[in-house]
Amino acid sequence: NRRVRTRDLLAAKERGEKWPMLTSYDQYTAGIFDAAGIPVLLVGDSAANNVYGYESTVQVSEAELLPLVRAVVRSTRRSLIVGDLPFGSYEEGPAQALRTAVRFMKEGGCHAVKLEGGARMAPQVEAITGAGIPVMAHVGFTPQREHAIGGYRVQGRGDTAEAVVEDARAVADAGAFAVVLEMVPGEVAKRITHELTIPTIGIGGGPDTDAQVLVWQDMAGLRTGKTPRFVKRYAELAAALTEATQAFSDEVRSGAFPAQEHTF
Ligand code: KIV
Ligand code: NA
């Protein structure tokens with residue numbers, strides 16, 4: 001009944017066991033995912049889009065993410081909690097990255113941090129892991145670079161495959177305990193997964209990565225409208241909540257709620 005550790009994830013890879021990961025940003029989802037046995041929860045900078053209503057992850061701050069990290073940590077007992085370092089909090093160099101990572105561990109209470117980038121961010125990964133803080137890296141499509149990349153695009157097709165493989169290798173060599181592979185061709189993700197001893201976590205990386213992650217609102221169908229091809233919806237929460245809201249609204253307007261049983 002203890003917390004999952006990074007070494008448990010390495011052991012799972014050695015045994016060939018796949019595992020699920022979800023984002024979480026609040027008490028109730030964190031508690032449900034923890035009780036359901038999701039070994040790793042990410043308080044993603046995707047809170048920008050999925051909590052705060054920003055257009056891009058680029059806009060969310062440390063001050064906005066840290067309270068969510070604390071809420072998720074407080075609401076879980078088993079899951080390993082990863083705090084996602086926001087855009088602007090680690091790019092300047094290893095010293096800035098370490099300072100932010102320490103802040104997330106101390107003020108957020110999380111058990112690991114995540115940052116985006118491959119070979120370019122290896123010095124940051126090395127500085128943070130050197131201080132005893134586990135780092136999850138993130139290569140392939142990296143949303144914080146959306147404007148430089150030119151939109152949400154698959155990375156590592158054709159000739160560019162080697163660059164993605166090298167990015168994954170660089171962060172593993174720098175000491176990352178796991179690496180997210182976002183929107184890379186399945187064959188490239190498979191190759192990286194076989195080459196690295198650390199777990200790979202796919203999101204739009206096909207079936208051969210060691211783990212799979214989804215944003216929880218995508219997984220549970222709370223976000224509707226156009227969703228990426230890699231999303232599968234396991235529930236229709238938006239429809240359920242719309243129906244409940246409509247029923248409540250109708251009953252208040254008609255006087256059916258509250259009834260005698262709800263009245264002191
Ligand atoms: O912020 C996030 O949700 C992520 C995952 C989807 C990997 O970085
Ligand atoms: Na993220």
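Guide: We begin with a convention: helices (H or I, at least four residues) and strands (E, at least two) are DSSP runs, numbered from the N terminus. This is a predicted model, in which local features need pLDDT of at least 70, side-chain atom pairs count only at pLDDT 80 or more, and totals for chains, interfaces and linings use all residues. Residues are numbered from 1 along each chain as its sequence is written, while chains are lettered from A and ligands numbered from 1 in the order in which they are written.

Visitor: Is the peptide bond from Phe 257 to Pro 258 cis or trans?

Guide: That bond is cis, with omega near 0°. Pro 258 belongs to the segment after α11 (237–254).

Visitor: How many strands close into a barrel, and in what order?

Guide: Strands of a sheet pair through backbone hydrogen bonds, either parallel or antiparallel. Two strands are said to pair if DSSP finds at least two bridges between them. Here 8 strands close into a barrel in the order β1-β2-β3-β4-β5-β6-β7-β8, and the pairing is parallel. On average, neighbouring strands of this sheet are turned by 25° against each other, direction ignored. Such angles run from 0 to 180 degrees between N-to-C directions, and axes are lines fitted to C-alpha atoms, for helices over the stretch in contact.

Visitor: Which strands does β6 join, and by how many bridges?

Guide: Strand β6 (residues 178–182) is joined to β5 by 5 bridges and to β7 by 4 bridges. Ala 137 stands opposite Val 179 in β6. In β7, Val 180 has Ile 201 as its bridge partner, and Leu 181 has Gly 202. Further along, 2 bridges join β7 to strand β8 (residues 211–214), where Gln 212 is the bridge partner of Gly 202.

Visitor: Which residues of β6 and β7 lie on each side?

Guide: In β6, Ala 178, Val 180 and Glu 182 lie on one side and Val 179 and Leu 181 on the other, and all are buried. Strand β7 (residues 200–203) is likewise covered on both faces, with Thr 200 and Gly 202 on one side and Ile 201 and Ile 203 on the other, all buried.

Visitor: At what angle do α8 and α9 cross?

Guide: The axes of helix α8 (residues 161–173) and helix α9 (residues 186–195) come within 10 Å and cross at roughly 30°. That makes α8 roughly parallel to α9, since angles under 35 degrees count as roughly parallel, over 145 as roughly antiparallel, 65 to 115 as roughly perpendicular and the rest as oblique. Two residues are in contact if their C-beta atoms, placed from the backbone, lie within 7 Å. The contact is made by Ala 161, Val 164, Val 165 and Ala 168 of α8 and Val 188, Arg 191 and Ile 192 of α9.

Terms used
A residue is buried if 20 or more other C-beta atoms lie within 10 Å of its own, exposed if 12 or fewer, and partly exposed in between; C-beta atoms are placed from the backbone.
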